[in-house]
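Please look over the sequence and the model, then go through the points below.

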Amino acid sequence: MKSAIYPGSFDPVTFGHLDVIRRAAKIFDGLTVSVLNNKLKTPLFSVEERVKILTEAVKDIPNVKVESFSGLLVDYARSRDVHVVIRGLRAITDFEYELQNAQTNAKLSDGSLDTIFLTTSLEYAYLSSSSVKEIASFNGDISMCVPEFVAELVYKKYGLEKKQK
Ligand code: PNS
């Protein structure tokens, strides 16, 4: 069985992430979406909340599961016996950071962890979790960025009602 891990912060998951998840799930027999529990960052959603949100968002894709991890990605991948990492590339600006991470992970794993990049579909190329949070914090419309139930949870975090169109 060919399995892959799609790691990230997913704070919150966007349509761009979901596009990568759907496409990767078609290529691999099993895909694990892995939420990083990063103690150095202060996320909008706790790791438990992000796992719950993602689980709901991918519930119609049978070969996708969601879990969290902490520490190094290479250690986590080894613990799951997975040798492929999926990452999305939106633009050339993502490339330098992603290339460095991929090469670091290859080195740290003695070549046993490869990274496969899926280019983000054009319609989602502008999307980022950071811009979703910024737009929502000013009560802007994020309906084109995240599923409706996610948008409601994001507005709630900022003490706002759902944006009326
Ligand atoms: O969604 P993000 O924040 O761009 O995801 C980044 C992520 C989680 C893929 C990356 O930060 C990561 O793998 N962190 C785990 C720690 C690690 O293994 N670092 C070494 C690779 S440079």
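This is a predicted model: local features need pLDDT of at least 70, side-chain atom pairs count only at pLDDT 80 or more; totals for chains, interfaces and linings use all residues.

## The loop between E1 and H1

Pro-12 is located in the loop that lies between E1 and H1. The peptide bond joining Asp-11 and Pro-12 is cis, with omega of about 5°.

**Where the ligand sits**

- The largest pocket is where the ligand sits.
- The shell around the ligand is made up of Pro-7, Gly-8, Ser-9, Leu-36, Lys-41, Gly-71, Leu-72, Leu-73, Arg-87, Tyr-97, Asn-101 and Asn-105.
- Sorted by class, five residues of this shell are nonpolar, five are polar and two are charged.
- At least two shell residues come from strand E1 (3–8), and at least two come from helix H4 (92–108).
- With three residues, H4 gives the most to the shell.

- Ser-9 has a polar side-chain atom 2.6 Å from an oxygen atom of the ligand.
- At Leu-73 the backbone takes part: one of its polar atoms is 2.7 Å from an oxygen atom of the ligand.
- In the side chain of Arg-87, an N or O atom lies 2.9 Å from an oxygen atom of the ligand.
- The ligand taken alone exposes 550 Å², and the protein buries 75% of that area.

**Salt bridges**

- There are nine salt bridges in the structure.
- One of them is formed by the side chains of Asp-19 and Arg-23, with an N to O distance of 2.9 Å.
- Both Asp-19 and Arg-23 belong to helix H1 (residues 15–27).
- Asp-19 and Arg-23 are four residues apart, which is about one turn of the helix.

- Asp-81 is not a glycine, yet its phi is positive, at about 55°.

**Points to locate in the model**

- Which helix gives the most residues to the shell around the ligand? Helix H4 does, with three.
- Which two residues does the cis peptide bond join? The bond joins Asp-11 and Pro-12.

Methods: Residues are numbered from 1 along each chain as its sequence is written. Side-chain values use heavy atoms; hydrogens and water are left out. A residue is near a molecule or strand if one of its heavy atoms lies within 4 Å of it. A polar contact is a pair of N or O atoms within 3.5 Å; within protein, one must be able to donate a hydrogen and the other to accept it, and residues adjacent in sequence count only if both atoms are side-chain atoms. Accessible areas come from the Shrake-Rupley method with a 1.4 Å probe; for residues, only the protein chains shown count as cover. On a 1 Å grid over the protein atoms alone, a cavity is a set of points where a 1.4 Å probe fits but cannot get out, and a pocket is an open set with protein on both sides within 12 Å along at least five of seven lines; lining residues have an atom within 4 Å of a point. A molecule sits in a cavity or pocket if more than half of its atoms lie within 2 Å of its grid points. Ala, Val, Leu, Ile, Met, Phe, Trp, Tyr, Cys and Pro count as nonpolar, Asp, Glu, Lys and Arg as charged, and the others, Gly among them, as polar. A salt bridge is a side-chain nitrogen of Lys or Arg within 4 Å of a carboxyl oxygen of Asp or Glu.
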